[in-house]
Amino acid sequence: MSVDLLGTDSAAAVEVRGVSRVFKAKGGPVTALHEINLRIEPGELFGLLGPNGAGKSTLIKILSTLLLPSAGSASIFGLDVVTETDRVRRIMNLVAGGDFSGYGLLTVREQLAMFAQFYGMPYREGMRRVDEQIEAFGIGEIKDRKISALSTGQRQKLNFARSFLNEPWILFLDEPTIGLDVSAARDVRDRVRAFQAAQPGRTVLLTTHYMAEADEMCDRIAIVDHGRILAQGTPAELKRMVQKESLFIVGVDALPPTMSVANLRAIPGVISVAMRDEATPDATGVGSPTTRLAIGLKEDGALGGVISALAGAGAHLREISKSEPTLEEVFVQLVGRGIAESSEEPRSE
Amino acid sequence: MSSIHARIPADLAATIRKETNWSLSHRLRHGAQSVLARAYPRVFGMIREPSWLFFDLVFPILGMCSFVFLLRSRGVDDAWVSATILASALLTFWTSVIWMMAGQFRWERDSGNLTLYITAPVGLGPITLGMAVGGALGMAFRAVVIITAGTVAFGATYEIREPALLALTLLLGVAAMYALGACLAAFFLISGREADHLGDLLNEPMQLLGGVFAPIRSLGLVGMVAIGVLPLAPAADALRQIAIPQLAVSGLLPVNIELLILVVMVVVFSIGSRYALRYIERVGRAGGKLLTRAD
Amino acid sequence: MQTDSPYTRRPTSFGPLRGSAADAVRSLVASARLAWAIEGNWAEPFYLAVYLVIRPLAFLGLFLAVLSIGGSLNPASIGFVVVGQAVFQIVGAALQGPTHALLDDRERYRTIRYIFATPSSLLPVSVGRALVKAAIAGISAAIVIGVGAILGMPLRSGGIDLILLTVVMLLGLLSIVGIGIALGAVCVQLRNDAWGYPQAVAGSVFLLCGAIFPLDTLPAPLQALGAALPITWWIEGVRRAILGTTSPGLLGTLATGELLLALLVGTLVILAVTPRLFKLGIDRARDKGYLDRNTAS
């Protein structure tokens with residue numbers, strides 16, 4: 001399922017029109033992307049979600065001017081990635097996960113200073129930004145350490161520091177948290193958000209196969225598989241594709257005698273009610289009886305009526321929680337398999 | 001996102017388009033600073049890694065000694081010993097051209113640096129020029145050490161009547177070699193595993209064809225062709241004639257002709273490398289060869 | 001405890017050999033077959049052409065071109081240089097082969113830790129790789145000799161002395177493989193730039209072993225050093241077998257019998273020392289954790 005965004009008037013940060021990419025491989029041509037249409041607005045943090053070999057990285061490589069599309073066109077803030085490549089490179093940057101680039105004999109500061117020059121900054125301004133990013137990413141202690149002596153997490157922080165040097169209008173993050181521990185990954189996500197917040201209009205395109213990361217970070221997500229966009233929207237919109245109603249789990253000691261499942265179903269906004277009796281262990285480990293109600297509502301606001309009704313009937317509420325489908329469930333619904341069942345990444349010629 | 005979105009200027013795309021329109025002076029300054037930036041790791045890398053210095057000196061000196069002892073065993077005039085030492089020093093630049101120019105982009109691709117260069121607004125031209133400048137500076141030091149060691153060990157003598165001419169010949173020879181290296185870098189980048197072996201093919205066979213240790217005159221027609229296409233040939237031949245006048249008769253062509261050949265080579269290879277690098281980038285982007293090993 | 005499980009039962013024979021001898025030979029053969037596949041690159045004609053034909057002949061061409069400077073290009077000098085250059089193809093391959101194999105296994109293929117964890121010793125594995133590299137270089141050597149014959153290199157009247165040739169080649173090969181393996185055990189303790197040290201050793205040996213010029217050309221101390229190398233007498237022995245002449249100067253001072261004795265003694269000393277050196281080097285590398293590291297920068 002794809003969303004046709006062609007014909008919109010306002011300038012997009014990223015606009016992809018009918019882009020396809022075919023690779024020559026030993027066993028025959030491999031279509032990595034199939035007539036992709038996509039529009040990302042300025043200021044968005046847009047996620048491309050899909051398994052290995054879906055085509056996410058291929059699309060990023062086309063947009064970041066590393067690859068040419070086999071068909072179609074793409075532009076970054078109105079600049080064509082094929083015919084205005086030089087200008088696109090002046091406003092973009094790229095971070096790839098598992099990236100071990102760099103000259104081992106240079107120090108962290110020297111490596112960043114070199115790239116500051118490559119991005120055309122006057123020397124003093126470049127060094128100011130280098131020191132700024134070193135501090136922002138907390139790598140001041142290792143700024144004089146050689147690249148070859150850095151750990152994976154430190155290298156990735158260095159990569160991010162490099163990518164922020166030219167204050168890009170569009171930042172491509174290709175599986176940026178691969179190989180990072182939980183704390184380092186969280187730091188990276190915080191920095192990306194801060195980067196966007198500092199300047200309205202800065203746009204980020206993130207590819208990942210970590211559902212939780214996409215769910216947490218992205219304003220909108222496109223789910224990609226076998227070179228096609230299957231669906232796109234906000235995380236909430238995508239989850240609604242799987243579960244149209246809002247589902248709440250309400251735990252009470254026991255359903256009062258004056259309240260029945262039918263009564264609950266009659267409350268305005270309630271679509272469905274299911275009940276199950278359980279034993280919930282208390283602090284001493286002894287199980288005490290609990291009635292769990294799974295209540296489907298048209299909208300979240302209808303929960304108030306349900307709680308009022310239960311409380312009014314004398315029910316003692318133990319817990320209330322919202323049950324949402326995960327993006328993995330969305331993916332399985334769309335694709336028919338889990339994200340871990342990956343196919344071979346299309347190999348280039 | 002909605003609050004940030006509300007603050008986005010309506011004419012953002014127009015502002016960005018204007019921002020990306022760099023003036024000529026900006027582009028020239030950017031090019032120059034990129035060249036220096038890329039030369040930096042080459043120069044300082046060579047200083048920081050003592051083992052590189054060791055190998056860059058030991059191998060040429062061992063090779064030099066082999067040829068000198070071979071000459072001495074045959075009772076050849078010591079002028080040829082001086083010529084051999086000079087040739088060994090010149091060869092350090094050629095070796096650097098093969099391994100640190102021609103083969104460099106493949107290493108950059110495999111290590112991930114090439115991706116960063118491509119996506120930066122720098123272009124492969126300034127990167128290549130930076131590699132050449134850094135490489136030449138580093139090798140110049142090594143060449144001086146080799147000549148000094150050889151001269152002291154074997155008592156070589158030179159009669160340099162025109163030092164400026166010698167310097168110009170050396171400069172043009174080095175420039176032509178590195179310009180050729182830039183062309184080769186483009187070719188090596190998209191070659192398959194054959195490129196790994198091309199480096200070896202360019203070593204000893206080119207030393208023979210280049211008339212490095214023996215005058216190119218002895219190669220006859222092959223020598224005539226080589227002096228027109230291989231920078232090593234006119235550079236070695238001219239340097240020998242200038243630094244050791246008694247060997248001038250062994251030269252294939254007069255020095256001024258050989259200098260002219262070098263000038264043409266510098267121009268042709270420089271222009272060629274510019275187009276080659278652009279072509280390779282286009283081909284590489286079309287085929288994905290900039291990102292993966294071209295096995 | 002079950003002792004007849006297929007997982008614990010180890011094959012103990014290899015042909016007529018039993019026990020540890022069988023294990024060693026089995027490892028050697030397996031390693032040699034691997035080396036043949038990796039080093040031979042028989043499916044890549046361009047690679048073969050460059051390493052087996054073009055480069056060795058280019059080296060030869062360089063030396064002959066230098067000889068022509070002094071008007072010394074005569075059949076005798078051509079023969080001297082051709083044989084020396086040909087044999088040195090094998091010397092260089094055997095000197096560098098074990099080091100490159102160990103470093104390749106550690107840095108590129110990352111398999112050395114797994115080989116080390118098997119019951120096999122790394123010694124027969126290294127020997128197998130070195131022998132095959134030397135054998136492949138032998139093909140190159142034969143090509144160089146062939147070209148030399150075309151260029152007018154004089155052959156021994158009555159044909160090549162095959163018995164002498166076989167004996168000197170066998171002894172020479174054993175000695176150079178021994179040196180190469182000891183060198184490998186030293187280099188595996190160094191960083192990735194250890195690739196260069198065997199080449200530096202080969203270059204030094206080239207100067208000292210009378211490959212392309214008589215030993216007398218060298219300063220006296222270096223002459224003594226060269227005379228102490230078994231490789232020097234190996235090359236001279238091959239010259240006598242193929243050319244039928246004795247080289248001038250120091251190289252001609254030993255009669256053929258004395259030459260063989262010198263080569264034999266040198267080889268035996270090397271073979272006696274090498275396994276111990278190899279074990280010391282590998283054990284030290286293991287203790288320091290060098291077998292398991294990737295030092296590529």
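Tutor: Two residues are said to touch when their C-beta atoms, placed from the backbone, lie within 7 Å. The model discussed here is predicted.

Student: Which residues does Arg109(B) touch, leaving aside residues up to four places away in sequence?

Tutor: Arg109(B) touches Leu114(B), Leu189(B) and Leu290(B). Each of these pairs therefore meets the limit of 7 Å between C-beta atoms. Arg109(B) itself belongs to helix α6 (residues 104-111) of chain B.

Student: Why does Arg109(B) count as buried?

Tutor: Arg109(B) has 22 C-beta neighbours inside 10 Å. The cut-off for a buried residue is 20 or more, so Arg109(B) counts as buried. Across chain B, which has 295 residues, 53% count as buried.

Student: How many Å separate the C-alpha atoms of Arg109(B) and Leu219(B)?

Tutor: The separation is 39 Å, for two residues that stand 110 residues apart along the chain. The C-alpha trace of chain B spans about 90 × 35 × 35 Å along its principal axes.

Student: What makes up the secondary structure of chain B?

Tutor: Chain B has 14 helices and zero strands. Among its contacts between residues at least 6 apart in sequence, 80% join residues at least 24 apart.

Student: Where in chain B is confidence lowest, and where is it highest?

Tutor: Helix α1 (residues 2-6) of chain B has the lowest confidence, with a mean of 51, while helix α13 (residues 232-243) of chain B has the highest, at 94. Over chain B the mean pLDDT is 88, and 95% of the residues reach 70 or more. Where pLDDT is low, the predicted coordinates should not be read in detail.

Student: Which residues touch the most other members of the largest nonpolar core?

Tutor: They are Leu205(A), Leu90(B) and Val66(C), in a core of 258 residues. Helix α5 (residues 78-102) of chain B gives the most to this core, namely 17 residues. Another core, of 11 residues, lies apart from the largest one, and its members include Val270(A), Val273(A), Leu297(A) and Val306(A).

Student: Which residues does Val66(C) touch, not counting residues up to four places away in sequence?

Tutor: Val66(C) touches Phe67(B), Leu70(B), Leu71(B), Phe213(B) and Ala214(B).

Student: How many residues does each of chain A and chain B bring to the contact?

Tutor: Chain A brings 41 residues and chain B brings 37 residues. On the side of chain A that touches chain B, the elements giving two or more residues are α2 (85-90), β6 (92-96), α3 (108-118) and α6 (182-198) of chain A. That side of chain A has 22 nonpolar, 10 polar and nine charged residues.

Student: Why are β2 (30-40) and β5 (79-80) of chain A said to stand at the edges?

Tutor: The open sheet in question has four strands in the order β2-β1-β4-β5 (chain A), with antiparallel pairing. β2 and β5 of chain A each have a single partner strand, so one side of each is left without a neighbour in the sheet.

Student: How do you know that β1 (residues 14-23) of chain A and β2(A) pair?

Tutor: Pairing requires at least two bridges. These two strands are joined over seven bridges in the antiparallel sense, so they count as paired. Glu15(A) stands opposite Arg39(A) in β2(A).

Student: Which domains does the domain assignment give for chain A?

Tutor: The assignment gives domain 1 (14-91 + 168-240 + 330-335) and domain 2 (244-280 + 288-323). Taken over C-alpha atoms, the centres of domain 1 and domain 2 of chain A are separated by 41 Å.

How values were computed
Residues are numbered from 1 along each chain as its sequence is written. Chains are lettered from A and ligands numbered from 1 in the order in which they are written. This is a predicted model: local features need pLDDT of at least 70, side-chain atom pairs count only at pLDDT 80 or more; totals for chains, interfaces and linings use all residues. Ala, Val, Leu, Ile, Met, Phe, Trp, Tyr, Cys and Pro count as nonpolar, Asp, Glu, Lys and Arg as charged, and the others, Gly among them, as polar. pLDDT is the predictor's confidence in each residue, from 0 to 100. A nonpolar core is a set of buried Ala, Val, Leu, Ile, Met, Phe, Trp, Tyr and Cys residues joined through C-beta atoms within 7 Å. A residue is buried if 20 or more other C-beta atoms lie within 10 Å of its own, exposed if 12 or fewer, and partly exposed in between; C-beta atoms are placed from the backbone. Domain bounds come from an automatic or database domain assignment.
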